[in-house]
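The sequence and coordinates are shown below.

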Amino acid sequence: RAKTNPKRIVYAEADHLDVLKAAQIVNDEGIAIPILLGRKEVIQELMAEIDFDADVEIIDPKADEEEEKRNAYAHVYWKTRNRNGVTLYDAQKLMRERNYFAAMMVNEGDADALLSGYSRAYPAVVKPMLELIGLAKGVTRVAATNLMNTARGPLFISDTSINIDPTAKDLAKIAQMTAKTVQIFGMEPVIAMISYANFGSSNDPRAKKVKEAVSYLHRFHSDLNVDGELQSDFALNKEMLQSKFPFSKLAGKKVNTLIYPNLDSANSAYKLIKELNNVDSIGPIMMGMKKPVHILQLGASVEEMVNMSAVAVVDAQEKSRKPKK
């Protein structure tokens, strides 16, 4: 875990013990500077319980003392959404909710990154992030990937959390975003587009969708090491792939990225690998957002939250290096 240039991470659910334990580790190891959101008296009691005595910022978005900041955030939000049916009163009311308040902190530069989702369903947390943070330049939809630390090495699986039934063009974009994420982690992406079929063995629309995505990538992003459609075992077994499909762009290469055709398969695959092999999973890592925002799986472990904090720091460092538009 990198300790260089620690960023300010706002934890939107810091009045939960496990979230606070993760923030304590992040603080003690110098991974990031935590900002704790939630009920201040509860947070202070929990901090005393785990001997977390660092001088960290604690904010209760509903507290009277935060009224000035709430109103400032509300005005900014209202100006961007007043032609979408949002009144100033609506905006002021929303800023009492920690996910909206936290997102505005990141938007306004009062925090560098955000972690939320520990105690709420994923879709409920995604909505305010999309409304307030928005997509990165040139991005038309967000996606999520999970990094699995397997016995054969790191393995990225997408899209594990967002797109239920992506189109061929969506799959191609998910592959591109995942490739950039793999590169941020210092690896060269080698991508298999997964299906139940191998290279045109089925004319079913679900298999043809993956084939079309690969065709698009080969045509417009020929520098990417990507191929398919492929079954999972051929993608992961280098010898099988070389023997049966020596023409593939992946022949002789070790695949480190799997793009699944839908949310059902991707989400099931990463959770199956995680549970059967007791594999560490880092994610879901949000891709395509304008700012470093990452949403935890409901009930994430302390270790998972610490790992995601490190990811948020890397993401913040990467985004801060890009020239402001």
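## Second largest pocket

A pocket is an open set of grid points with protein on both sides within 12 Å along at least five of seven lines, and its lining residues have an atom within 4 Å of a point. The model examined here is predicted.

Under that definition, the second largest pocket is lined by E13, G38, R39, D60, P61, K62, R96, E97, R98, N99, S119 and R120. By class, this lining consists of 8 charged, 3 polar and 1 nonpolar residues. The space within the second largest pocket amounts to about 230 Å³.

## Nonpolar cores

The largest nonpolar core comprises 36 residues, and I9, Y11, L20, L36, M47 and F52 have the most contacts inside it. At least two residues of this core are supplied by each of β1 (7-11), α1 (17-28), β2 (32-37), α2 (40-49), β4 (113-116), β10 (280-287) and α12 (302-321). The largest share, 8 residues, is that of α12.

For M47, the contacts beyond four places in sequence are with L20, L36, F52, A54, V56 and I58.

## Helix α12

The helix α12 contains 20 residues, and the distance from its first C-alpha to its last is 29 Å, close to the 28 Å expected at 1.5 Å a residue. How much of α12 is buried? Of its 20 residues, 14 are buried, so α12 is largely enclosed by the rest of the structure.

An α-helix has 3.6 residues a turn, so residues three or four places apart point the same way.

## The largest cavity

There is 1 cavity of 30 Å³ or more in the model. The space in the largest cavity is about 30 Å³.

The residues that line the largest cavity are S158, D159, N163, P166, L171, I174, I259, Y260, P261, N262 and L263. In this lining, 7 residues are nonpolar, 3 are polar and 1 is charged.

S161 lies in the loop between β6 (153-158) and α7 (168-184). Is S161 buried or exposed? Its relative accessible area is 15%, and because buried means under 20%, S161 is classed as buried.

S265 is located in helix α11, which spans residues 263-277. With a relative accessibility of 23%, S265 is partly exposed. The C-alpha atoms of S265 and I164 are 9.7 Å apart in space, although the two residues are 101 residues apart in sequence.

## Cis peptide bonds

Which residues does the cis peptide bond with omega near 5° join? That bond runs from G228 to E229, and E229 is part of strand β8 (residues 225-230).

A cis peptide bond also joins G283 and P284, with omega of about 0°.

## Positive phi angles

D51 is not a glycine, yet its phi is positive, at about 60°. This residue sits in the loop between α2 and β3 (57-59). With 63% relative accessibility, D51 counts as exposed.

F199, likewise a residue other than glycine, has a positive phi near 40°. The loop between β7 (190-194) and α8 (205-220) contains F199.

## M240

M240 is in helix α10, residues 238-244. It is partly exposed, at 29% relative accessibility. Not counting residues up to four places away in sequence, M240 touches D233, F234 and F245.

How far apart in space are M240 and L88? From C-alpha to C-alpha, they are 61 Å apart, with a sequence separation of 152 residues.

Conventions
Residues numbered from 1 in each chain as written. Predicted model: local features only at pLDDT ≥ 70, side-chain atom pairs only at ≥ 80, totals over all residues. Heavy atoms only, no water. Core = buried A, V, L, I, M, F, W, Y, C linked by side-chain atoms within 4.5 Å. Buried < 20%, exposed > 50% of the residue type's maximum accessible area, 1.4 Å probe, protein only. Helix = DSSP H or I, 4+ residues; strand = E, 2+ residues; numbered from the N terminus. Contact = heavy atoms within 4.5 Å. Expected span 1.5 Å × (residues − 1). 1 Å grid on protein atoms, 1.4 Å probe; cavity = no way out; pocket = protein on both sides within 12 Å on 5 of 7 lines; lining within 4 Å. Points joined across faces, edges and corners; volume = space filled by probe spheres on them. Nonpolar A, V, L, I, M, F, W, Y, C, P; charged D, E, K, R; others polar.
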